[in-house]
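Walk me through this structure, please. Keep to pairings and contacts.

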Amino acid sequence: QVQLVESGGGLVQSGGSLRLSCAGSGIIFSPYVMGWYRQGPGKQREEVANITDGGIIKYNDPVKGRFTISGDNAKKTVDLQMNSLEPEDSAVYYCSLRLILPNGHNDYSGRGTQVTVSS
């Protein structure tokens, strides 16, 4: 069974930085995509960034230039370095994993970690 555990959330002032980490365990095989999405209060779920096991990275426009995603295939971890944080970045951040299967995919998420940015 696949499990994802996030860490690193917290409270930070506007302009500050936080680093989120996610550790995956269980049967995780290539190809896959790991990443982060977030959901703020009263907002829809929003993709933040993801990285494939081949190193292809995508960022959602609101975080480009401020957030950096990185992954370690051997450890099955993914980190998100968040700089120049804004109050609009406040949300619960979830780690995600998509296992690519021959006939589709399986999706997994962690329990989430709260990020609060004060103005």
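Gly 71 stands opposite Val 78 in strand E8. The facing strands are E7 (residues 67–72) and E8 (residues 77–82), which run antiparallel and are joined by six bridges. Strands pair here if DSSP finds at least two bridges between them. Strands (E, at least two residues) are DSSP runs, numbered from the N terminus. E7 and E8 form a hairpin, with four residues between them. In the turn, Lys 76 has a positive phi of about 60°.

The model is predicted: local features need pLDDT of at least 70, side-chain atom pairs count only at pLDDT 80 or more, and totals for chains, interfaces and linings use all residues. Residues are numbered from 1 along each chain as its sequence is written, and side-chain values use heavy atoms, with hydrogens and water left out.

A salt bridge is a side-chain nitrogen of Lys or Arg within 4 Å of a carboxyl oxygen of Asp or Glu. Which side of it is buried? Asp 79 is, with a relative accessible area of 17%. Arg 19, at 41%, counts as partly exposed. Buried means under 20% relative accessible area, exposed over 50%, and partly exposed in between (1.4 Å probe, protein chains only).

The count comes to seven salt bridges. Another joins Glu 46 and Arg 38, at 2.7 Å from N to O. Arg 38 is buried at 5% relative accessibility, while Glu 46 is partly exposed at 25%. Arg 98 and Asp 107 also meet at 2.7 Å, N to O. Both ends are partly exposed: Arg 98 at 34%, Asp 107 at 47%. Shared partners join Arg 38, Glu 46, Arg 66 and Asp 89 into one salt-bridge network.

Now the rings. Phe, Tyr and Trp rings (the six-membered ring of Trp) pair if their centres lie within 6.5 Å; planes under 30 degrees apart count as stacked, over 60 as edge-to-face and the rest as tilted. The count comes to one aromatic pair. Tyr 37 and Tyr 94 are stacked, 5.0 Å centre to centre with 15° between the planes. Tyr 37 lies in strand E4 (residues 32–39) and Tyr 94 in strand E9 (residues 91–101), 57 residues apart. Both tyrosines are buried. Arg 45 lies over the face of Tyr 37, at 3.7 Å from the ring centre. Such a charge needs NZ of Lys or CZ of Arg within 6 Å of the ring centre and within 35 degrees of the ring normal.
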